Every structure is written in C-alpha cells, then in structure tokens.
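Subject: Structure handover

Hello,

Here is the structure for you to take over. Please open it first, then read my notes below.

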Amino acid sequence: MGNIALDASIAQLELAMARQECGATSLCEAALQRIASLDVAGPTLRSVIEINPDAPAIAEALDLERRQSGPRSALHGIPVLVKDSFDTSDRMMTTAGSLALVGNIASRDAFVVERLRQAGAVLLGKSNMSEWGYMRSTRACSGWSSRGGQVLNPYVLDRSPLGSSSGSAVAVAAGLCVAAIGAEVDGSIVRPASSNSIVGLKPTVGLISRSGVIGVADPQDTAGPMARSVADVAALLNVLTGHDPGDPITAEGARRAAADYRTFLDPAALQGARLGVARECFGQHEGTDALIEQAIAQLRELGAVIVDPVRASALPFFGDLELELFRYGLKHSLNSYLHSHPLAPVRSLEELIRFNRDHAAAVMPYFQQEFLEQAQTRGDLEEPACQQVMAELRRLSRSGGIDRALREHRLDAIIAPTEGSPPFVIDPLVGDHILPGGCSTPPAVAGYPHISVPAGYVHGLPVGLSFFAGAWQEGKLLGYAHAFEQATRHRRPPSFLPTLGERTPQRGSL
C-alpha cells in the first residue's frame, strides 16, 4: 500500500482521504498490489486465502459517496480482511481453511461483516487460518490449512505465525491491509498478535456477535479486532459492537459497550493503575521473561503500581478440562453451522470426517483429524458431563482465578507475557512446539477481555505483553495498552528474513 498505509493509522488515512491525498480506490489498489507481491509472490506469506473480486468496485463507490455526502465513519474506505470463518454474502467462500467447504457461499453476512460494510470499510478478502480453528488434529500446525497452505511469519519466515487467526495477524503485520478481524476460543487472537508484533484484542464474550462465524466452543468463542496500533483497534471496536438478535448474549454487550472506545486512549492512563504480575505465566524462555521484566519496569516508570506476584488461574493452556469442552463445543458448533448452510458440500461433522478420509492425500498430508473424530463421539452441550466441565472451568478461571486475584489485591488489571516463548520453527510433521506459559487461557475460559501489545524482540522474533481484567473492561485495557505503546514504541515492521540469523531480507522487505 505504499509507505503511507504501512506507517499511517486509521485516523491518519482518514485525514489523508479528507484532504484528497488518497482515496478508497487507491488504497484498495495498493493493497491488492502488495498482496500480489508479498503474499502470492516474494516471501509467499499465504496470509490471504481469497481476494474479494468486488473490492475495487466497493472502493470506487465509497469514494463517490465521500464526495457526495461525506464519510460514514472512521473506517470509510479503509481496507480490511476478515478471517475465513466469517460468512460474507458475496462471491467469496467461507471454508475455515478446509477443502471440504470449497463452494460454501453464505446467503447473508455475519453480523460483524454487516457492521463493517455499514461503516464503509472495504472488505478486501478472507485471511487464511489454522484449519477448523486449529481443532482438526491433536498435533496441528498453526497457520496451516488444506485450502490455503502454510501462513509464514513475516519477521522470520520459517517461524510460526501462531494461532488460528494467523492469516489476519500476518496480513496486518506485513501491511497487506490496514486492519483485520480474527476470532478466538483460546489464544487465537492474542497469540498471533504477539508473534507478529501487532495489537490484538479478545473482548468480553458477548460484546461482539458470533452469528455467521464458524466457531469452536460457544462459551468461549468471540471475534475481535487486530491492527498495528491500539488506536486502530479502538476504532474497529466502535464499529464491531452492537446488539444482534441472532446472538442473544449481545443484548448485554450492547448495554455495556462504550459510546467511543477512543476516549480511553490516554497517554497517562497508567498513572496509579494497580497491575498484578501473573508469575505462573513466566519461566519458559529467558528471552521472553527478560523483555517482560523490562516492560514491568517501564510500566512502573509510567506510574503504575506493580503488585508482584499474583496468581490469575491454575488453568494450563489447552489443558484436559478445556479440551474436553472443545470436543463437545466443536461438535455442536460445526453441526449447527453446516446444517444451516445449504450450499456447504458437507452438512455435518460426520460427513466432514468422511470427506477428509476420502480426500486424505490433499486434506491430511501432514497430520490427521483425531480431534474431529473425538468430538464426534461426544453428546450435546446439555449432557451432565459437559455441564460439569463448563462449571469447573468457570470456577477455576473466575471465582478461583481472575476475580479472586483482582479482589484480593485490589487490581485494575493483570499483566503477563502473552506467549511463553518467541515464535518456534514451523513443523507440519510433528506439529507446534508450544511451551507452557503465556496467559491466554484464564481470560479465554472466563470470557473476559484480553489485549496483547508489542513488547520487543528476541533475536528479531516478536514478543507481546498482555493486559487482562474482569468483564466489560475493554476501555480500561485499551488505555493501559495505549499508554505503554506510546511510551515505548516497540513495534517495528517485519524484514522477511528467511531464517533466524539470516540478515539478507527477502524481496519486498520494509
């Protein structure tokens, strides 16, 4: 998109469009050119799984509308990608990265997509993802899908992009779009944000609608904004919230949503804030720990009161209880989605499993579908065993975890490294080498908000700092993250290094 889009915020781009220095059409054209040079050719990031053929026409119409009646919102003309699990009522497919859903055209937009269109965003296309939200195999590879191939980390190309929203994060980091929308059940927004040096917000479950989105487990699923700055995430959040009758939980979310999340972006927001350090999330990698220790010192300098240590939760990442919930939830979510989409080539989890077996060479060249098969053996969400798992997870994450820590230490938020280590080497045969540590699980299981912001680099590999708190505290977290971001300015653009230690950037380096 040229230097302006790589360096500019949404507000700066809107100002540039108001001054007629650029327009939705020129931004769209530049984005498509950059996708062609970096995603399809060049480093071959594979972060975009499908281009919207209508994007240029949409951009042209929005430019005409701006001239005639002015912008609809701060997102008017801004190029945005959405994860391939979001329905779009256009010529694009929704496949969750799977060859089994090639040809699945939705009859209506996901509520989130509808909100983006209403705000005047230019929907560039769909971002690649970990197939079926990383829930196909027990040893999956982050960012790999049978339809889209392997997403690459733009900082060091042989390193993992992490998380199922990997394509969204990589596209934002590499400047292929201004912002993107991801989805998370545990870590799939914040972990790729950390590993690709961008900002990702997993909101309180219920703040943003899930209707029209292929999910994993309803009690934890949520969509969320991903961008290169906290200010851009706040601008996106303003658009994404709202009551959706198709997702009744958003009724409370609409009541709790702020009128404008940008009003929380105060450089002095950390002064007097009581932040607890979740020490159980440390100890897996000395480089990551050292960067977060530096961040803690910087937070003190910015006026925060550091309470160290606190314990946010005893829940491990993808522990036995959480995985059991996912088995029940995945079966329910996939069957519900597939039954309601008549153009889907497979109409149930059972048919999906059969399709994968019949097309194993193309669908399962590296790893299998053990998790899908396990999910098929489970009953419905109302089974006593499932209800017991849900109750225990909520107890451990809320009253026995985050709520207790916030209350006992009189905290405003909790901080920790987002991920236990810097990004590991991509290994499709063995799967991800995720170390214990990181902090995505407690707020994910609790359904509470969580934001990751760049904290620096270990040998050129990104590391993120997390802030999380109780329900509906998005504004407070945005303020803290913004204050830290503006004072430290850690983020730098990727260099597309082929491997760790290689200092000759690939063509297209920023």
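Predicted model: local features only at pLDDT ≥ 70, side-chain atom pairs only at ≥ 80, totals over all residues.

Start with alanine 96. It sits in the loop between strand S2 (79-83) and helix H5 (111-119). Alanine 96 has a positive phi of about 50 degrees, although it is not a glycine. Is alanine 96 buried or exposed? Alanine 96 is buried, because its relative accessible area is 0% and buried means under 20%.

Glutamine 20 also has a positive phi, about 65 degrees, and is not a glycine. Why point these out? Because most residues other than glycine have a negative phi. Glutamine 20 lies in the loop between helix H2 (10-18) and helix H3 (24-40). Its relative accessibility is 70%, so glutamine 20 counts as exposed.

One peptide bond also deserves a look. The bond from aspartate 308 to proline 309 is cis, with omega near 5 degrees. Proline 309 belongs to strand S10 (residues 305-310). In general, most peptide bonds are trans.

Next, the charged pairs. Side chains of opposite charge can pair when their charged atoms come close. How many salt bridges does the structure hold? The count is 22. Three of them are described here.

- Aspartate 54 and arginine 91 form a salt bridge, with the closest N and O atoms 2.5 Å apart. Aspartate 54 is in the loop between strand S1 (48-51) and helix H4 (55-69), and arginine 91 is in the loop between S2 and H5, so the pair ties together parts that are 37 residues apart in sequence. Aspartate 54 is partly exposed, at 24% relative accessibility. Arginine 91 is exposed, at 54%.

- Arginine 147 and aspartate 84 meet in a salt bridge of 3.6 Å, N to O. This pair links distant parts of the chain, 63 residues apart: arginine 147 is in the loop between strand S4 (144-145) and strand S5 (149-150), and aspartate 84 is in the loop between S2 and H5. Aspartate 84 is buried, with a relative accessible area of 0%. There is a network here too: Glu50, Asp84 and Arg147 are linked by salt bridges.

- Arginine 357 and glutamate 373 form a salt bridge, with the closest N and O atoms 3.4 Å apart. Arginine 357 is in helix H12 (residues 349-358) and glutamate 373 in helix H14 (residues 370-376), so this pair too links distant parts of the chain, 16 residues apart. Arginine 357 is exposed, at 54% relative accessible area. Glutamate 373 counts as partly exposed, at 30%.

Now a charged residue without a partner. Lysine 331, in helix H11 (residues 320-339), is buried yet has no salt bridge. Which side chain of opposite charge is nearest to lysine 331? That is glutamate 383, 7.5 Å away. A salt bridge needs the atoms within 4 Å. What lies by the side chain of lysine 331 instead is the backbone oxygen of arginine 378, 2.5 Å from one of its polar atoms. Beyond its neighbours within four places in sequence, lysine 331 is in contact with Leu349, Ala375, Gln376, Arg378 and Gly379.

Last, the surface. Tyr366, Leu429 and Val430 form a nonpolar patch there, with about 300 Å² of accessible area together. Leucine 429 is in the loop between strand S11 (413-417) and helix H16 (441-446). Leucine 429 is exposed, with a relative accessible area of 56%.

Best wishes

How values were computed
Residues numbered from 1 in each chain as written. Heavy atoms only, no water. Patch = residues over 30% accessible without salt bridge, like charges linked within 9 Å, V, L, I, M, F, W, Y side chains within 5 Å. Areas by Shrake-Rupley, 256 points an atom, 1.4 Å probe, with all protein chains shown as cover. Helix = DSSP H or I, 4+ residues; strand = E, 2+ residues; numbered from the N terminus. Buried < 20%, exposed > 50% of the residue type's maximum accessible area, 1.4 Å probe, protein only. Lys, Arg positive; Asp, Glu negative; His and termini not counted. Polar contact = N/O pair within 3.5 Å; in protein donor to acceptor, adjacent residues only side chain to side chain. Contact = heavy atoms within 4.5 Å.
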